[in-house]
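User: I'm new to reading protein models and I'd like to work through one with you. Can we take it a feature at a time?

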Amino acid sequence: MRDASPPLFNARPGPDTAVGRLDTRSTASCVLLLVPLVLLTEVVALELSLVYPALPAMAAEFRTPAIGWALTVVSLVGVVAQPLLGKVADAVGKKRMITLAAVAFAAGSLVCALAPTFPVLLIGRALQGTCLVIAPCAYGLIRDVLPPRAVPVALGAITTGLGLSAVAGPVIGGLLVNAFGFRAVFWFCLAYVLVLTPVLVLTVPESGVRLRRRVDLAGGVLFGAGAAGLLLAVGQGSSWGWAAPRTLAVLGGAGVLLALFVLCELRREEPLIDVRLLTGPALRWTLLATFGGAFAIGGQAFVVPLLVQTPKLPGYGLGADALGVAMFLVPQGLVGAVCGPVGGLVARRRAPRTSFLVALAALTAGAVILAMLHAEPWQVLVAALVQGIGFGFFFVSASNLVVEAVPATHTAVSAGMMGVANNLGNATGVTVLGVVLAQHVLRTDQDTGRIVYAESGFTLSFLLAAAVAGVAVAVAVFMRGGRSPATGGQAGPVHV
């Protein structure tokens, strides 16, 4: 029997004609409207790029080898928040949801800046994780208010912003950590969002597209709890024991919750996630390949700063400080900033799948280079530049594939599912590679609390990232969707 609950949002259906697509606006006007949206969306990447150089200092401050959870918890919250809040955004307005997520991020930044213990820090990071809904809402807002001709390149501009954050983030993070400690990173995040949120509220129009349906809170809880359980089991399996009753119980429980989620969504008339759309050919392979690419991006972003800050040892370790990490991440970010709009142009003139293949191939190649060559700074730099190509092409191609595959009323929630695949991939990459490194601890510095990992841990981590990204390449090669030039979603959803 279908769920016949009344709609939660009862306003009139269809678009709100008070605010429509800006078809009559000039390109310059569209750019001016896009700038504050891009800058605020930056916070999605900044909360990671600023934190990566601070990880060793945070681990030393709280005396914990499980510092990877400071990254994983953000992705866990994103897994729950993106489909749920993406659905709400489709109903109440994408600009409104971006604003609410920015406020939650500000609160989380304050908690992290003042955190006296590691658990409190994780609570603050969880609040910051709500910002991950900003990106899919921004994709939907761009589709709804900009002229169709501008949509593919505008999506690339969002990626360009993410690339620029990869340039500024490591430098700012390194300077702040070296001068004031890791807490300064979170004070910076708080100031950043408090300045930009009012600008966006005053200058960016709201989307007129509305999906007037009930928000499936139960579905969100089932999906989020199941996904979180899977990541918890992966993260703790090595310490609990992979065959231990606790590990098996968590895995079994997560599987049951996800199975219940699918059954419930198939029976609901107004599901949180349209499982049939999600598992259709136009989306399922995109999401699977996105997971693989994100695994490589997230895992390597976690491991590279640890490698670079490892003391110089035979065959590896560069002995850099937090600012030294920026020597590799900044060039990567610059390349990503250039490749973002290039990827959008490739998607518009050739096909988004073509851009996607470039991204995944570059991510695979970068991981292979790091696995084979990591003893000298120039070797890590070459890998970072290749990774920058993959980073720049990855997000714009994935977002264009989603926009081409779904109707406008489902853009935010579908882009939210892309975000879920991305966050699950990121979190799984960080968790799995963190487990690999934890099995290869060389020593712990008793004075500073710094953990030194063996070279074999780094090599195995990069090889694993390359293998997962390589599987994603294979998936993208055989994808049938996204083979035509991107239209900005004006050609209607793709069913192939």
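This is a predicted model: local features need pLDDT of at least 70, side-chain atom pairs count only at pLDDT 80 or more; totals for chains, interfaces and linings use all residues.

User: Is glutamate 61 buried, exposed or partly exposed?

Analyst: Glutamate 61 has 47% relative accessibility, so it counts as partly exposed.

User: Which residue forms a salt bridge with glutamate 61?

Analyst: In general, you look for a side-chain nitrogen of Lys or Arg within 4 Å of a carboxyl oxygen of Asp or Glu. Here the partner is arginine 183, with the closest N and O atoms 3.7 Å apart. The structure holds 1 salt bridge. Arginine 183 sits in helix H8 and glutamate 61 in helix H2, so the pair ties together parts that are 122 residues apart in sequence. Arginine 183 is partly exposed too, at 22% relative accessibility.

User: How many residues of H2 are buried?

Analyst: 6 of the 8, so H2 is largely enclosed by the rest of the structure. Among the buried ones are Leu55, Met58 and Phe62. Just after H2, arginine 63 takes a positive phi of about 50°.

User: And how many disulfides does a search of the whole structure find?

Analyst: The idea is to look for two cysteine sulfur atoms within 2.5 Å. The search finds 0 disulfides. Take cysteine 112: the nearest cysteine sulfur belongs to cysteine 189 and is 8.5 Å away. Cysteine 112 is buried, at 0% relative accessibility, and cysteine 339 counts as buried at 10%.

Notes. Residues are numbered from 1 along each chain as its sequence is written. Side-chain values use heavy atoms; hydrogens and water are left out. Helices (H or I, at least four residues) and strands (E, at least two) are DSSP runs, numbered from the N terminus. Buried means under 20% relative accessible area, exposed over 50%, partly exposed in between (1.4 Å probe, protein chains only).
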